[in-house]
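Hi everyone, thanks for coming. Let me put the sequence and the structure up on the screen, and then I'll walk you through a few local details.

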Amino acid sequence: KITSGSAWQRIQQQGFDILQRGLDRHVRLAVTGLSRSGKTAFITSLVNQLLEGCDNQHLPFFDVVRQDRFLGCRRISQPHPHIPSFRYDQALQALSSQPAQWPEPTRGLSELRLAIRFRPEKGVTSWLTDTATLFLDIVDYPGEWLLDLPMLNQQYLVWSREQLQLLQSEPRASKAASWLQKAQQIKPDDPVNEDLLRDLAEEYTELLHYFRETLGLHLLQPGRFLLPGEMSGAPLLHFFPLPAATQLEDSISPVPGTQLEQLVKRFDAYRDHVVKGFYKEHFAQFDRQIVLADCLQPLNAGPASFRDLKRAIELILESFNYGRSSLLNRLFAPKIDRLLFAATKADHITPEQHSHLVALLGQLVHGAKQHVRFDGIPCDTMALASIRATTAGYCQHQGESIPAIQGNKADTGEAITLFPGEVPNVLPNDEYWQDNHFEFVSFAPQAKQPDQPLAHIRLDQALAFLLGDKLQ
Ligand code: GDP
């Protein structure tokens with residue numbers, strides 16, 4: 001049978017579509033980091049560079065751009081309508097206002113999808129087609145959620161004892177003392193008193209907020225207490241570490257209807273639905289991951305905050321422990337195949353300190369790597385500024401030329417020039433803390449010009465590492 005012209009064309013078109021679908025690529029890139037590590041700024045800038053800045057001048061290290069193979073990028077509908085959208089337009093609006101503002105950070109999970117059109121470089125793909133599309137999903141989630149990982153393996157009483165130990169040591173102890181005293185009134189065998197449990201859970205949440213916001217600490221569990229998202233106020237979050245746990249055997253079975261039984265039930269529900277749910281529904285679907293860390297603020301805040309950041313990074317890295325027998329692998333078979341650690345806000349330091357910042361991050365990550373097997377996943381570290389708010393140069397001080405940065409202070413808008421201090425290239429010891437003073441100043445962003453993409457430092461190198469192989 002002879003196929004008519006138009007039918008033949010249709011078949012050809014179908015064949016082409018199928019081929020195209022086979023050639024199209026898809027990457028789910030997850031962006032995480034503790035609160036204020038710079039996730040919102042990073043995603044805003046990444047999207048902005050791809051939408052507006054794809055030329056050699058702005059992204060010189062991004063091969064697809066340098067080789068003139070980048071054809072364009074568009075935002076398209078996100079794949080999961082039930083996940084909040086990353087608010088790119090609002091972020092850009094804040095950065096374009098006069099005076100420019102930093103975007104509002106997201107507080108939970110959000111996503112956004114881009115379609116990137118490009119000309120394949122070589123190999124079968126370039127022979128079969130002129131253009132290809134990379135669908136890029138960017139998913140933003142709080143690093144605090146990864147700190148809950150150890151709970152997957154824990155029983156309530158064990159968890160309680162671990163948290164009590166933290167609460168009873170400085171810098172937490174002085175602030176936690178009065179809460180601990182109140183919580184000691186809870187007798188495990190008393191009948192359930194919902195009001196008391198709720199009040200204590202709310203006060204415990206306030207404590208966690210104080211540890212984070214005033215003491216600059218990061219090691220805070222359960223993570224959803226700080227960033228509850230749609231779970232805010234839900235009874236699922238009305239539990240806390242029980243001081244009486246120190247006198248109870250792990251094997252005890254709680255009597256039904258008692259305070260202890262209610263606390264155990266809530267903890268189990270949190271672990272099984274909230275923590276497991278996140279790993280199963282989201283984490284296991286990520287292909288690539290960037291972990292952002294602000295190492296500069298803890299350097300400013302002092303040794304307790306820095307030690308805490310180190311421990312928090314170690315815990316975060318546990319989620320990427322891909323040893324075959326790891327808990328995560330057994331439960332969810334995650335598939336992340338590329339991992340980047342980035343020290344953010346590098347525009348807060350003078351350029352000759354950037355290598356120190358990378359070395360410091362390398363050490364923070366390295367300590368953890370001893371416990372973690374990345375199982376052949378390409379893994380890199382770098383220092384970047386998603387949205388550069390300062391300019392670097394030199395200034396004269398007592399007849400000497402010294403490196404300096406210049407920007408506008410975030411609170412007053414006043415223009416300042418300063419040398420913020422030396423970043424240690426190893427984990428700081430007591431001597432460093434005695435002799436050095438690192439001055440971290442929050443800078444206001446520079447107003448975005450309509451025809452210019454956001455200024456950055458090394459965002460192109462981050463893009464090259466995270467996406468380069470998918471754009472060949
Ligand atoms: P998130 O909580 O992880 O989403 O953090 P954000 O992206 O909201 O960043 C927190 C704050 O850090 C911002 O409001 C800025 O003050 C600052 N920040 C983030 N990225 C940069 C950067 O590249 N340069 C500078 N100078 N400040 C930054």
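Let's start with Pro171, which is placed in the loop between α6 (156-167) and α7 (173-183). Helices here are DSSP runs of H or I with at least four residues, strands are E runs of at least two, and both are numbered from the N terminus. A word on the model: it is predicted, so local features need pLDDT of at least 70 and side-chain atom pairs count only at pLDDT 80 or more, while totals for chains, interfaces and linings use all residues. Residues are numbered from 1 along each chain as its sequence is written, and side-chain values use heavy atoms, with hydrogens and water left out.

You'll find Pro222 in the loop between α8 (194-213) and α9 (223-226).

Now to phi. Lys345 is a residue other than glycine with a positive phi, near 60°, and its loop lies between β6 (338-343) and α14 (354-369). Arg36, also not a glycine, has phi near 65° and belongs to the loop between β1 (25-33) and α2 (39-52). Is Arg36 buried or exposed? Arg36 counts as exposed because its relative accessibility is 68%; the cut-offs are under 20% for buried, over 50% for exposed and partly exposed in between, with a 1.4 Å probe and protein chains only.

Arg36 brings us to the ligand. Which residues come nearest to the ligand? They are Arg36, Lys39, Thr40, Ala41 and Asp347, out of 17 around it, where near means having a heavy atom within 4 Å. By class, that shell has 7 nonpolar, 6 polar and 4 charged residues. For the classes, Ala, Val, Leu, Ile, Met, Phe, Trp, Tyr, Cys and Pro are nonpolar, Asp, Glu, Lys and Arg are charged, and the others, Gly among them, are polar.

On to specific atom pairs. A ligand oxygen atom is 3.3 Å from a backbone N or O atom of Ser37, and a ligand oxygen atom lies 2.9 Å from a polar backbone atom of Ala41. On the nitrogen side, a ligand nitrogen atom is 2.8 Å from a side-chain N or O atom of Asp347. The cut-off for a polar contact is a pair of N or O atoms within 3.5 Å; within protein, one must be able to donate a hydrogen and the other to accept it, and residues adjacent in sequence count only if both atoms are side-chain atoms.

Thanks, and I'm happy to take questions.
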